[in-house]
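Hello,

Here is the structure I promised to pass on to you. Have a look at it first, and then read my notes below.

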Amino acid sequence: MRMRGPLMAIAASAALGVGIAEAIPASARTERAKASTAASVLGNKDVAKGKPVLFGAINIETQASANFPEVREAANAMINYVNTYRGGLNGHPIKVKWCITDGSPSVSSSCAKQLIAAHPVAILGAADISGAAPLSLYAKAHLAVIGGTNFTPPESTAKNSLIFTDVASFSNIQNALWAAHLGGGKKAKVAVLAEGDAQGEFQASSSWVPAVQSVGGQVKVFDMPPSASDLSADIEAAISWGANSIGLESPGQCVQLLTGLKTDGWTGPVTSIDPCSAPPTIQAANGAANGMYFMGSLQLLNSGTPDAKLAAAIIAKYAPKLPYDSPAAEELSTVMNIWSAFHATPIKKLTSAHMLRTLRSGQNHPNFLSVPYTCNGKAIPNYPDVCDSNYYLYQIKNGQSMRVGKKVYNGGANLIKAS
Amino acid sequence: MSYLLFLLLGLGSGAIYAMLALGLVLKYRSAGVIDFAHCAVAMFCAYVYIELKSSGELVFPWTAIPWHIQLFSKSGTAAGVAIPITLAYAAILGLIMYYAVVRPLRHAPALARVGASVGLLLFLEGIAVLNFGTFAVSSPPILPEVPVHLANNLIVPSDRLYLAGIVLAIGVVLGAIYRYTRFGLATRAAAGNERGALLIGLSATRLSAANWVLSTVLAAIAGILILPITTLNPGTYTLFIVPALGAALLGRFVSFPVTVAAGLAIGMLQSELAFLQTKWTWLPQQGLQDGLPFVLIMIAIVVMSRRLPSRGLVGDTHTASIGRPRAPFRTAAITFVIGLIAIMLFSQLYKFALASSLNVACVALSVVVITGYVGQISLAQSAFAGISAFMVAHFGIWLGLGFPVALIMAAFVAVVFGVIIGLPAVRVRGVNLAVATLAMAAALDSLVFNSTWFSGSYNGMTVRVPHLFGLDLGISKNGSSTVFAIFSLVVVCLMGVFVARLRNSPAGRMFIAVRSNERAAAASGVDVARTKLFAFGISAFIAGIGGGLLAYQQINITAASFVSWTSLTILAITYVGSVGRIAGAAFAGLMLASNGVMATLLNNLFSFNQYQTVIAGLALMLTAVGNPDGVAKEMQGTCFKLLGRVQRALGLGGGALTPAPAGGSVAGASGSAGDIEPGTVEKVAS
């Protein structure tokens, strides 16, 4: 799940059992083997033709500190695949009008208006942190937002939104519970190193604190200014407080925190939010991420499942440089889930209302890279739009993300408060 | 012992602030520029270094066309090779920036240089986002990194000590250079009196360029040395500007040793606060460290205000020209009719964009008042808008108040903050005030806007839909923006009339008097302090109305809309529009706002929003260099010329349609009718 392009391709090949023919030069052998394996996993071509089915999507790519261009890349890769190999939606190719935002509500609202003006059938959820502003505009235009990453609570609560698999909101509860477990449950003293902005404050106070307290542990949040240049004092403050387990809730400062913890001699357990496990972050941390735990809701590419093999083949063919992190995986899953649900639907019936109604009815729908989803509003009671709340435990070992155990985690749903 | 440990742990942060602050002081001393892009330059040079070291590529500050060349093998090169190349690169970059941006603006108003530096900041940030992405990168240690046992339980990483030692040494060397060497003395002479320096054979341009190069190299050194202890992405380094500016201000933008001491002190105190927060749990647990530079700046202002650089030094000798509104009601009526026609013709997309433009124009109007008319550089306008926007929501929740009472009351709450934030203006002015207001806005970000109780944190706050006499003025239930755009147009036209009337009123003339010469104004009976605070209050009120409009448009508002950096952009785009003119605010909203009509049009036609930051930065720089007095003034001049030709063609003779010179003004001879050119004064009404 969390490897860079070349590594990912190698891992994919290994996972698929690529053979080695002695008579052929190594590079040519590898390329040919990868191509033939990818082709067999991708299946036979069934190219979509005719009038495209238009979706709109907003993606955050021009902010100065946290962008997710890999989400657009992942969506385009999967769309290319379903349009070429799966016949698109009932024979019609999927097309997306993208609007790039900096994540501010004003620019995202402007984007929303541009998308509405293009008359898409629905909005393809992607990565945006602007919250409710664009969602309310979509609601007024009777457009549903389907899938993507639920970075902010409104995406999990709006009437016109649907999230296949929780990737962001609920993960903090899971991470906090695991950090408390590592600290000894009731004996736990969990220090949460959180970025001192609205996101950090919200996640620390609404997820980490109640989750650790729910098992009887102690928790203290160490707020770090976004402008802090050297975090050694904050790390030292956490250690000197007597922490026996550390949680990281600071997506913009992962590398600094991981290297700082190593420099300061911290040898206790570290549990982190998902962005700290992105492949480029692990690489930048120069080994300091080893041993770190995190909760993820989607399969790793090296997990060996059919979905993981297909995802690896699609990435190898259409987006070989894609950093496979959670938002990218969620986007692959989103497009595939939409295809699964509507590939046989006549396009005249493809409206936002119909799509929402269909996705919310029935149960145990196939969920690409995850377990089957049921959108009955009960996966996380106060986040009714989330259809799947299951998490896996991962750990970084030798610079790679590896699954720990076979257990699926989804406790603490009652800790999510109503917005 | 723990207290001492945390003080020492702050040496790393302190050294970073000090090193960046030294570059800021150098630039100010030589060219009179507060370079808001200084940390962005450090960021870009750090990328140059890390790319050389890790992939052997030399990267350039542009995008789309090939922006890197393979200089070494793909496995990169050694730090010992990469560092000198990066420093040489920085020297060339500094020279180019000086001749392309700084030198053309040498005699321009200080604000033009602020606009250009903001443009450069946006440009470099945008380039870095596009070329390098935002995943953090780091570097292996450059300085020795071993734990140093200073005493029992007092262990400090050695690289922090080395870093502090290096910055101290640089501070002392720079201090000695500028005190004892011919180069330093010549720089001081040229900065103090350019013509005098020329008479004795010194080239102010060459000296200034050399200093600019030196400061850019210093930025590169800072960027490289701090890499191993901090996170490099396009956004992080930029945030260091507030504490660095604080250190530079404490050093009065003059003293290198004091600047170093101040930078180190800020870092050490921030570190100590992190420890004290664990000891004294009654301390606010959020925002305290970010608020520290502001506290120190305020102390500096109170204690050292007489010694802070002020008007009369390099960079503050010129101010932008200001317009004199004529027939404001008629102009507003014409504007309203044109706006109404546009709304009727526009599609829903452009109606929404027009409403966004109008919101920005309203906040820009507040800049026209405080900066254009009174000459006070405020970087807190976005904070005023934010306070008001959230108060609109709170008044709805707490008191059940709706439009217009909630909007007006919220704007008055912004007035209270305006007067408080304006207090430093009583003692300092110019760029020092800019630094103080930016630090205050940053403190508000951390302490107020990020707090759940005020802003609802990530969930944001929802405002009531505005109604007037039963008419729904908000974005309609089917998403139509027609009524809301008309509502915004009415409000902004009213604000325009208000500003125009204010400009022509006795209060407005007092504003101009204070702007022109505070001592002369005081001598003619103007209470300078009260006038400034009054202007801050009025400006905050207008910004508050703009914030309220934004809240009504977005319905759900979050702190992200009002971060302190937005104020810098608003100031820059208003300046480029023409900071002394109401038309300048309109231009800023329509043409330069990131979600306004022009941006929407370009995005819709060319899907250029990925490049929007880069293009906006470049446009800001070019416009500031090409039109240091603002675009609206140039456009106004062109309009009058066209009008004159029409008059002549119609045989009406000169003066029938063109406005007459302003009564009561000694200005206007060289600019548009009724204008006040830099350096002229207007009669103050009794």
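In chain A, five strands make an open sheet with parallel pairing, in the order E2-E1-E3-E4-E5. Strands here are DSSP runs (E, at least two residues) and helices likewise (H or I, at least four), numbered from the N terminus; two strands pair if DSSP finds at least two bridges between them. Strand E2 (94–101) and strand E5 (161–162) of chain A are at the edges with a single partner strand each, so one side of each has no neighbour in the sheet.

This is a predicted model: local features need pLDDT of at least 70, side-chain atom pairs count only at pLDDT 80 or more, and totals for chains, interfaces and linings use all residues. Residues are numbered from 1 along each chain as its sequence is written, while chains are lettered from A and ligands numbered from 1 in the order in which they are written.

Strand E1 (residues 53–60) of chain A runs parallel to E2(A), and eight bridges join them. Across this pairing, Leu54(A) is opposite Lys95(A) of E2(A).

Now to chain B. The axes (lines fitted to C-alpha atoms over the stretch in contact, with angles from 0 to 180 degrees between N-to-C directions) of helix H12 (residues 256–279) and helix H13 (residues 288–304) of chain B come within 9 Å and cross at roughly 135 degrees. That makes H12(B) oblique to H13(B), the word for angles that are not under 35 degrees (roughly parallel), over 145 (roughly antiparallel) or 65 to 115 (roughly perpendicular).

Best wishes
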